[in-house]
Each structure stands twice: as C-alpha cells, then as structure tokens.
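Please keep the sequence and the model in view while reading.

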Amino acid sequence: MLLVKLTRAYQVHCGRGVSAAVTAFLLLACLAAPTYAQTVGTCSHGEAEADLDIANVRARMFNKGNLFWHAGSPVYEVPKDSGMAAIFVTNLWIGGQVDGEIRVSASNYHDWEMWPGPLDDAGNPPADCAPYDRIYKVSDEDIRLYNERGEVTTDMADWPVTLGAPVVDGDGIAGNYNLAAGDRPRVYGDQTLWWLMNDAGNRHETTESQPLGLEVRVAAFAFDDPMDSWFDDATFYLFDVINRSPNTIDSLFFGFHSDPDVGDAGDDFVGGDSLLGLGYAYNGDNMDGGSAGYRDRPAAIGYDLILGPVVDDDEADNDFDGAIDEVGEMLPFTSFMTFSSNTGVSGTPMSLEHYYYYLQSRWKDGTPITYGGVGRSYSTTPVPFMFSGDPPNFWSEDQPTPGGRPHVPSDRRFVIGSGPLQMVPGQSERFLLAILFARSQDRLKSVQRLKQFSRNAQSVSDRLLRFDTTAYNPGTPEPVPRLPEFSLHHYPMPSAEIAVIEYEILTEMDVRVRVFDVAGREVGTLIEGVRSAGEHEAVLRTSDLPSGMYFYRLESEILVSETKQLVVIR
C-alpha cells in the first residue's frame, strides 16, 4: 500500500508523460534526487537576425527568445513588401517547477531570457556565447544551385551539424557534414532558418528567476506553393527543447506571448478556439484604418500548435477526437487568455509567478479564468480558453455576455500555452507552431477562413516535416491535399428543446457530427456513417442538456469543419 501511495505521489509530483512501466524505476530517484542550482553565465544577448521571406510573408527572426520585433519597427509583413504588419512581437515563454520552486524563462518587449549557444551535459552555458550568435539560412534554391553549379552559400558551408542542425545524410556517415560527399542541410518547406539558444546564459532580468537549464533548437520555415495560397501565408516554427540540467522539471508549460497588432494596432479583438487549440486576433470592426491597416478587408492572424509532445498515458482526450490515450496522442495548446496593459490582477505580469500562471489561463492571483464576460466575474466555471465562442456569438469579444454589447476594440495581447509536462534530465520535447494568416471579404469571414486554415494545417501536421526536396537525390514532394469546405449551421439560436443542425457536403463521404461542452468533453455523436452529396440535417435534443454553451462540428477522414457554437437555454 505504501508503494502504491508513493507511486501515485510520484506521478503527481514528478509530472505527466512518464509511462507506468518506468514509474517504479524512477520513483526512488525522484524522491531522493537533490535539487541543483543552475550555473548562470555572463553572456551578452545575441544580435543575430534574419528574415524568413520565401513566399508571401516576411518574418524577422531573433535568437534571444523573441520574434519579429526588436527596438524598432515590427517585421511580420504580410503580404510581403506591402508595408502591412500582422504581428508586433511574439515571445517564447517556458515555465516549470524544480522541487516545488517555480522557474521561468519569459519576456515581453525587452530583457529577453534566452542567449545564443548550447549547454553542456551539466547544464552550464558557454563562457562566451558570441561564437554562437548566428542564424543560419538555407533554401531549396541554394541546394539546387550547389547541385547544378557547385555554388555554395556561407550558411550552407558552415551548417552547424555538431550543434544539432538537421542534415540529410548523403554519404552514409552519421554525425559528419561533407557537402562534397553528398550531405546537405535539411530544408523544411522551401526555406529554413536555424539557430540555437539557452536560458542559462545570464541573469533573468524580467522574471528574476533561476534558469531551468534548457537548450532550445529552432527551425523556422515556410513554403512557396502558388497552388496552395494558405501555405504561402503561413510560417512554421519547430522547437526542440532539451533539459540539460541535472534537475527534473515538473509541471512544465510551453507557450507564447503575442502582441498581434493586425494592421492598425488600436482596433483588435482576440479569441481562443478550444477545439482547434487556436489563439487568434482579428479586427473589431470592418475598417482597419491607419497607415498599416488592411482597410475594408480586415485580416486575422492565428497561432496553432500542430505538433506537440506525446501524452498517451494521462487518461485524457488531449486532442478532443473522442479517444483517450490512443497511441501517439499529442498535446495541443491547452490554454488561451488575454490580459490588459495595466498593473491590476488581469494586467501586465510583474513576477515569475504571473508569467507561470498566464501560461495556465490563470490570473496574477492564481485564480483560473472563468466562463463568460471578461473571464473573472460572469460565472464561477473555470475554463482553459478565454473568448472561446465563434464570433460574433457568445462567448466572444463581439458578445462577451449573452445578448450583451461588444467590447471596445483596442490594442490586445494574449498568451497561449501547452502543458503540463515533466522533463527528466536529458529529455527533449518537440513543438511545431504554425502562424496562420487569413484575409477575406470582411472581418468575420477572415476569422472563419483562418479557422479553415487551422484545420488544413492540422490535417497535414504529420507530413509537414517531410515536405522537403533537399535529399541528395530529391524526388517530387508529396502534394498538399486540396481540402473542400463544408457548409454547417443550426437553428433556432439559442435553443431550448431541440436544435436542428444542417450541413452540406460536396461529395459522398463518411462523416460524423459531434457535440462538445465548453471543456471540450464530447456530449454526443449525432451522425456517423456514409452520406451522399447534398444537404442533410441532424436533430439534437437540447432539452436533455444543462443550460450553457456547446460546440459542434462535422468531421470526415480528411477534414474537420469549422467549429460552431450552440447556446442552450431554459
């Protein structure tokens, strides 16, 4: 009995994601292992920068834990060369616990908490990080010119394989890098930028935290595919996070802070789609003014974690597909919240605890966000995603309370996080972020288009890292599937006794219609089976459901429809 209790305590305290088969083996090590103070270096922040600019987006990369902005104009320009920016700044936030002590690497607009270079096997930074202050950039065109003419770029020649940069092995000798013998930089998409950073290179001035002892390898990439416009407007970021410290990190959360500024900074709304795991920003009205505005066709920008850590032993349906702990189940973004620029409990984070709470959808006092209103006082129901309704419905900034008036659009900030995880010494985890851009006839159609792009990205998520032509004998890249859109809606709105869900499909296919509550739990399946092309309907008896907000969606083997909101009243 004591062993059972200790095992359960281990699984709680030492984190999730560790299989039962190794729990007993690690139990005594976890209980007895001392906590080591991390060595803090004296490195200067990196000064390297480079643009990801192969397609319709120009995105500026930095190697200090932030993207797109540094003491000047923001550079997430889309369309490229238009002068219009969709994001002001994005910052990497990581927080966890070492023997109960919270440790965080995070920042907002300055005092970033990442430094160039690797950590050694004890988690110590280099004595001098300057030699690693570089962002490497290689494209398929660079590979082609070398293959055909022998022309080599400096970054291609210096590709840092010994630091972990991905390589296509053309000579059959693992671990080396020999261009003449056939080795090539691995280019994800059509252009890849690669850099290496750590959180122990110097003091954490923003959070005043001890370092976690993490090494972070980043590959930013994009596609140039005129046949698939959503790819041209997307950028991707592959993060390989390695625990180089001698400590086990419990309750680790990985995420991003964004100040989106979609065109004009002063007229934005934000939202979080809990079923897609999508955090996004969009215009609060149908005229995006200002010198950098998108005018009468306002855009939307979204953050989507399309590949995350495998968590197939935590007794949860993390990807909301109706199956618990299926083999290879991945953890998506699990939280989304927005905060203001004031100093109150829902304002700018001021301590390491605040950053850590925000990654979990908790306010600065540690209380969770709650359903409805501004996430604090409308109800007492804790939820992980703020403004999870489909605009302009409740619960969105367009309708924060049922039938209520919209918020006043303004400059917005949000945090989107994934966790909790546990990382033992030497363990690595992989995260693939997609930043998606959509622009349609009006602001709400841009949001729906963005959500369709999110479904597109998720439908090919397991293939994105195989879309490259950099092999020694490159073949034809696997094509991206053309994904049709479904038509889906319901009436009446809101619903008391029944809700009639109408949908249309373009071809005969095997489909199902599922309903979820605000926590992402499946309430029921209305339709399941092959249906012919054309219009169909399904009836949900809402009189059997408690009052509140629900979501429904249509699914097939190749596509998931946009998620629709349904409000049940009594």
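**From the chain to its cavity**

The chain contains seven helices and 27 strands, where helices (H or I, at least four residues) and strands (E, at least two) are DSSP runs numbered from the N terminus. This is a predicted model, in which local features need pLDDT of at least 70 and side-chain atom pairs count only at pLDDT 80 or more, while totals for chains, interfaces and linings use all residues. Residues are numbered from 1 along each chain as its sequence is written, and side-chain values use heavy atoms, with hydrogens and water left out.

Of the 570 residues of the chain, 55% are buried, that is, under 20% relative accessible area with a 1.4 Å probe, protein chains only. Among contacts (heavy atoms within 4.5 Å) with a separation of 6 or more, 64% join residues 24 or more positions apart.

Rolling a probe the size of a water molecule over the atoms shows where empty space is left. A cavity is a set of points, on a 1 Å grid over the protein atoms alone, where a 1.4 Å probe fits but cannot get out; lining residues have an atom within 4 Å of a point. Grid points are joined across faces, edges and corners, and a volume is the space filled by probe spheres set on the points. One cavity of 30 Å³ or more is counted, and the largest cavity holds about 60 Å³.

Which strands each supply at least two residues of its lining? They are S3 (66-67), S5 (89-98) and S11 (191-198), and S5 gives the most, with three residues. The lining includes Phe62, Trp195, Met197, Phe239 and Phe256.

Key. On a 1 Å grid over the protein atoms alone, a cavity is a set of points where a 1.4 Å probe fits but cannot get out, and a pocket is an open set with protein on both sides within 12 Å along at least five of seven lines; lining residues have an atom within 4 Å of a point. Buried means under 20% relative accessible area, exposed over 50%, partly exposed in between (1.4 Å probe, protein chains only).
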